[in-house]
Amino acid sequence: MRWRARVWVTLRAGVLDPQGAATRSALVSLGFTGVQTVRAGKFLELELVAASREEADRQVADMCRRLLANPVTEDFRYELEGCQEG
Amino acid sequence: MRFGVVVFPGSNCERDCFHLVDQVLGRPVRYVWHQDTALERVDCVILPGGFSYGDYLRPGAIARFSPVMGAVAEHAGAGGLVLGICNGFQILLEAGLLPGAMLRNRSLQFQCQDVFLRVEDVETAFTRLCRPGQVLKVPIKHGDGNYHVDPEDLAARGRVVFRYSEADGRVTPEANPNGSMANIAGLANLEGNVVGLMPHPEVSAEEVLGGTDGRVLLESAVRYWEERGPC
């Protein structure tokens, strides 16, 4: 079975985010004065082959823990869906 | 004492490190390829600066899974010396050999400048020839040197070796070039045989390059090894 995983990697609460802060100040200077906070993160989309949803889920969680996110500064979440062959 | 300089795809300071050991210290040194699985007869391994794997995902995140990193961890565990400079430091953090992680510089700019470092710990293999509180002038050149750590994790697994300071050694917010927590510029593991730092001692070891303060790190390592011998 082919599966599609969408992975969001975000900075943990309390970790300074210089990119988010700079983006917020740019938005405010564009006139979006209501913007209180911006947090920048990463989005990854991947397709994988696994025998079952449980197996795909286990693999994606493992990928996030070992490589895609750094647990010192980042949190992750993901969504998993089956995708059509071909 | 033999040195090895690891070359990852995207390393760009390996020749400076090699030059320092070969021409300035006059010690045997060889390159170690990232695909190698053993550090044959290397006593001190240097992970150089650069942009291994293009800094993709996070600096050091992909390099830490290079085959050679298993050998580096084994070497460190057996008491061998490991020095990570800039990207090499980031790789040591990603590999978990030192605690914490790097964020983008607070300025969001690539910082390329001389900085002053106050030596906070003279008991490591790379600082034993320093005086406590000695100030070294060494350049930085990085975009992701904003050090972040859980203080408990730092206390449990690491020692602060260098802090960004003023020329007189005062640790001030103004002296912090990248936003690092507590002005931390470099760390050691608890045993003191693994050290990582963002500044580049390899390009501040000769007068022709504007200063020699960085030389003491490698001279300390040589002294340490001569006194202790292979573990």
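In this predicted model, Arg6(A) and Glu81(A) form a salt bridge whose closest N and O atoms lie 3.6 Å apart. Over all chains, the structure holds 19 salt bridges.

**Interface of chain A and chain B**

- The interface brings 16 residues of chain A into contact with 16 residues of chain B.
- An area of about 1,300 Å² is buried between chain A and chain B, and carbon and sulfur atoms give 68% of this area.
- Of the area that chain A buries against chain B, 37% is supplied by Pro18(A), Leu67(A) and Val72(A), which is more than any other three residues supply.
- The rule finds 1 salt bridge across the interface of chain A and chain B.
- In a salt bridge, the side chain of Glu74(A) meets that of Arg58(B), at 3.6 Å from N to O.
- On the side of chain A that touches chain B, the elements giving two or more residues are helix H1 (18-29), strand S2 (41-49) and helix H2 (53-68) of chain A.
- The residues on that side of chain A comprise 10 nonpolar, 3 polar and 3 charged.

**Packing of two helices in chain B**

- Two packed helices are described by the angle between their axes and the distance between the axes.
- In chain B, the axes of helix H1 (residues 14-25) and helix H5 (residues 215-228) come within 11 Å and cross at roughly 70°.
- H1(B) and H5(B) are therefore roughly perpendicular to each other, because angles of 65 to 115 degrees count as such.
- H1(B) contributes Leu20(B), Val21(B), Val24(B) and Leu25(B) to the contact, while H5(B) contributes Arg215(B), Leu218(B), Glu219(B) and Val222(B).
- The residues of this contact divide into 6 nonpolar and 2 charged, with no polar residues.

**Surroundings of Leu97(B)**

- Leu97(B) is placed in the loop between helix H3 (87-94) and strand S5 (101-103) of chain B.
- When residues up to four places away in sequence are not counted, Leu97(B) touches Met69(B), Val72(B), Ala73(B), Leu92(B) and Asn189(B).
- From C-alpha to C-alpha, Leu97(B) and Val216(B) are 23 Å apart in space, and they are 119 residues apart in sequence.

How values were computed:
Residues are numbered from 1 along each chain as its sequence is written. Chains are lettered from A and ligands numbered from 1 in the order in which they are written. This is a predicted model: local features need pLDDT of at least 70, side-chain atom pairs count only at pLDDT 80 or more; totals for chains, interfaces and linings use all residues. Side-chain values use heavy atoms; hydrogens and water are left out. Contact means heavy atoms within 4.5 Å. Buried area is the accessible area (1.4 Å probe) that two parts lose on being put together, summed over both. A salt bridge is a side-chain nitrogen of Lys or Arg within 4 Å of a carboxyl oxygen of Asp or Glu. Helices (H or I, at least four residues) and strands (E, at least two) are DSSP runs, numbered from the N terminus. Ala, Val, Leu, Ile, Met, Phe, Trp, Tyr, Cys and Pro count as nonpolar, Asp, Glu, Lys and Arg as charged, and the others, Gly among them, as polar. Axes are lines fitted to C-alpha atoms, for helices over the stretch in contact, and angles run from 0 to 180 degrees between N-to-C directions. Angles under 35 degrees count as roughly parallel, over 145 as roughly antiparallel, 65 to 115 as roughly perpendicular and the rest as oblique.
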